[in-house]
Each structure stands twice: as C-alpha cells, then as structure tokens.
Amino acid sequence: MNTEKMSTQLEEFHEKLEQNNLGPLWSSIHKLNTIEPKAKPIPYLWKRELIERNLETAKELLQVGEEADRRAIFLINPGMKDLEPVGWGGATQTLYAAVQAVKPGEVAPAHRHTTTACRFVMKGHGAQGRVNGERVEFEPGDYLNTPTWAWHDHENTGEEEVLWMDCLDSPFTMYMNVCFTEFYPEKQQERLVPDDFNTKRYQGGMTRPIIDRQPKSAPLGRYKWELTKKGLDGLEQFDPDPIDGFALEYINPTTGKDANNRIGARMQRLPAGFSGKAHRHVHSNVYHVFKGKGYTVMNGVRFDWSEGDFFVIPSWTWHEHVNIDQENEALLFSTNDLPIMEAFDFERVEEYNENNGHQLVEEVFKPLY
C-alpha cells in the first residue's frame, strides 16, 4: 500500500473513531504525556482601579443579604475561558480569587460548602465574621481561614466599607465534581463561644493550648496582621532570601502544616530596591499587592504592579519579583495550591541559572483599566 493511500485511510479511521466516541492513542500520546507541564492559565494582572470601579457598580445594583448573598467580583484567567463555565471563576486551574465588598450594616448570610476558603482583609474597619459559632474581628492585613464544610457568615457593624480578597479551591472541587453546599436556616449562625475565642487562645505566638495537641482542621481562624508583621520583622534581621525576600506562610498550629489543608497562603516583604532571582514550580499562585510598587517578570514578560493589584503565576512559569521603590518595602500576600500538589507528590522546583538568575524582559504587559 502506498504511503499516500495509507495516510488517507488512517485519517478516515480517526474520523470513524471520533464518531464512535473513541480515540487513537498513537496520535495523542504526546498530548497526554507532555515533556513538562503546559499550563492552560496564562500569566495575567488585574488593576485595582478596574476591580474597584466595577465593585462600585455592583454596590449600586445589589444589596448584600437581599439581591445577593455575597457582593464579590472574581478574577477570570483569559487562558481558562474556553475550558470551563465562566461561573467557575478560575484564576488558575485550581484557585478562584475575588474581591468582596461589604458596606456598613450589611450581613452576608451563613452557608457552608465542601469548597475550602481563605480571606485576606485589604482595607476598611468594622467587619466581623462567624465561623462554626465563633465571631472574629476583621482588620486590614488579617488572614482568615474557613475550612471545608464550616458554617460562615460576614457582617459589617462599622462605619466604613470593608474590602477583602476571597480565595477558594472551587475550580478544583468543581472539576472533581465534589462540591456540596448547604444554607443555614437563619441569616447568621448561633455564637457558641466568646468572640475571638481562638485568637485569644493563641496570643502566645509559637505556643498552643494543650487541649489542641491532637490535630484539628482549623484551630485558629484569624491570623492577626500585628503578629505577621512581627514575624517579618524578625526575618529582616538577616539577609533576604535571593528569590522571595522575607516570606512567611500561615500554618495550622496543631499540625505544623498549611493553615488551610488545600490552599496555602503566604506574606512576603520585598526590601527597598529588592531584585529577586527567577525560579519556577508546579504549584500556581494568586498574588495581591498589599503595599508598595514594583514588577514581576513571568516567562520574559514584565508585569508592573502597585497597591491593590492582583496577578497570577500559573504552574511551571518562570518568575521573579522586583521592588522598584528604593526607600520603601513592598508587601505581597499570596495563595497557592501547593498543599494539593504535595498531597499527590506532584511538586517540583527549578531555579533559573542563566544571566545570573534573571530573565531578559522581552515584553511589557499592558493591563486593562
């Protein structure tokens, strides 16, 4: 049989297989077994002005507790648009991220879901939340943990609007088809312990009450900014890490592992003028710029950021951070899917060895405003 005839017959055979909902491994094996990860999400950045302007419109149209359970605008990675319904809100293939606004007097009703969640308070005072019967205060810089299947609701009893970042693993739970949700019969759950109960129990820092010796899913729900800052101040007595500067991760004090068992979270300080070296890893990240201004180079593209912005680093993406301010620090809060990657032994890390660890900038990202 000549080559041309055989090629035509093979194409016809492939079409027949597809019509019968079958597929030929011999022509697909390189797509199934890649030499290295090929992320569908792309490096991307969302400006604070764009997010907050759209939140202003949402505030005019929706009242929390009335027309909406939550007033939040989520990030959609352009590389994910053709892979999933927009409602999944994939910032990466595993992580959803959003900015939520709660005005004075509003109450976000209680519910729970198998999707796990964490929050970072961006700005504003007077908000509170209840998680499994414990009410905690929200202050800027606080990290808040809401584990899987935990009742939670939010309210603002203050006089100013409060904004925080939400991060959930909903793209992961939706893909795995394991998402269950239940709504509390009342608008707010019953308070079962004194306010800030666990925050007060853990005022000692690197100590824990002896009744927490056995592992618990979330013995501490609020990680106060003042303690995080002290941790960063302690690190700053030494040389910064050449890649991450001064970085801390939030941990579960009963296990020593990540505070949230499926979403990792970190706070890092880039000293004035810091220029980090590049590396890449399998886990993906969502970053919020808490303070400062600078840029991150991802796969040769420069992404300039300033306070309030968000950006994502997809899996296996070269990246390095730079603080362009020669006098002031920059603070970056980030979430990641490292706990999921480590659970399946997927994680790998590789340092960039060319050009003394720095990528060549080939392009500058132009964000939407």
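Two rings of Phe, Tyr or Trp count as an aromatic pair if their centres lie within 6.5 Å. I note at the start that this is a predicted model.

**Entry 1: aromatic pairs**

I searched the whole structure with that cut-off and got 19 aromatic pairs. I looked up two of them in detail.

The pair of Phe138 and Trp164 is edge-to-face, with 5.3 Å from centre to centre and 90° between the planes. Where do the two residues lie? Phe138 is in the loop between strand S7 (134-137) and strand S8 (143-146), and Trp164 is in strand S10 (residues 162-168), so this pair ties together parts that are 26 residues apart in sequence. I checked the exposure of Phe138 and Trp164 as well, and both are buried.

Next I took Trp305 and Phe311. Their ring centres are 6.4 Å apart and their planes stand at 10°; planes under 30 degrees apart count as stacked, so I wrote this pair down as stacked. Trp305 and Phe311 are both buried.

I also found one aromatic cluster formed by Phe120, Tyr143, Tyr223, Trp225, Tyr250, Phe290 and Phe333.

**Entry 2: charges over rings**

Phe290, one of the cluster residues, has Lys291 over its face, at 5.2 Å from the ring centre. I noted a second case at Tyr295: Arg302 lies over the face of that ring, at 3.7 Å from its centre.

**Entry 3: cysteines**

How many disulfides does a search of the whole structure find? I got 0. I then went through two cysteines.

For Cys167, the nearest cysteine sulfur is that of Cys118, 4.7 Å away. A disulfide needs the two sulfur atoms within 2.5 Å, so Cys167 is in no disulfide. Is Cys167 buried or exposed? Its relative accessible area is 1%, so I list Cys167 as buried.

Cys179 is in no disulfide either; its nearest cysteine sulfur belongs to Cys167 and is 14 Å away. The relative accessible area of Cys179 is 33%, so I list this residue as partly exposed.

**Entry 4: the sheet of 6 strands**

I traced an open sheet of 6 strands, with antiparallel pairing, in the order S1-S19-S16-S21-S14-S13. Which strands stand at the edges? They are strand S1 (44-46) and strand S13 (246-249); each has a single partner strand, so one side of each is left without a neighbour in the sheet. On average, neighbouring strands of this sheet are turned by 20° against each other, direction ignored.

I followed S13 to its partner. S13 and strand S14 (residues 264-270) run antiparallel and are joined by 4 bridges. Along this pairing I found Glu249 opposite Arg266 in S14.

Helix H6 (residues 225-235) packs on the sheet. I listed its contacts: H6 touches S13, S14, strand S16 (285-291) and strand S21 (330-336). The direction of H6 makes about 135° with that of S13.

**Entry 5: the sheet of 5 strands**

I traced another open sheet, with 5 strands in the order S7-S6-S9-S4-S11 and antiparallel pairing. S7 and strand S11 (181-183) are its edge strands, and each pairs on one side only. From one strand to the next, the twist averages 25°.

How many bridges pair strand S4 (residues 107-113) with strand S9 (residues 152-156)? I found 3 bridges, in the antiparallel sense. In this pairing Ala108 stands opposite His154 in S9.

Note on methods. Residues numbered from 1 in each chain as written. Predicted model: local features only at pLDDT ≥ 70, side-chain atom pairs only at ≥ 80, totals over all residues. Heavy atoms only, no water. Pairing = 2+ DSSP bridges. Helix = DSSP H or I, 4+ residues; strand = E, 2+ residues; numbered from the N terminus. Axes fitted to C-alpha atoms, helices over the stretch in contact; angles between N-to-C directions. Contact = heavy atoms within 4.5 Å. Phe/Tyr/Trp six-rings, centres within 6.5 Å; stacked < 30°, edge-to-face > 60°. Buried < 20%, exposed > 50% of the residue type's maximum accessible area, 1.4 Å probe, protein only. Lys NZ or Arg CZ within 6 Å of the ring centre and 35° of its normal.
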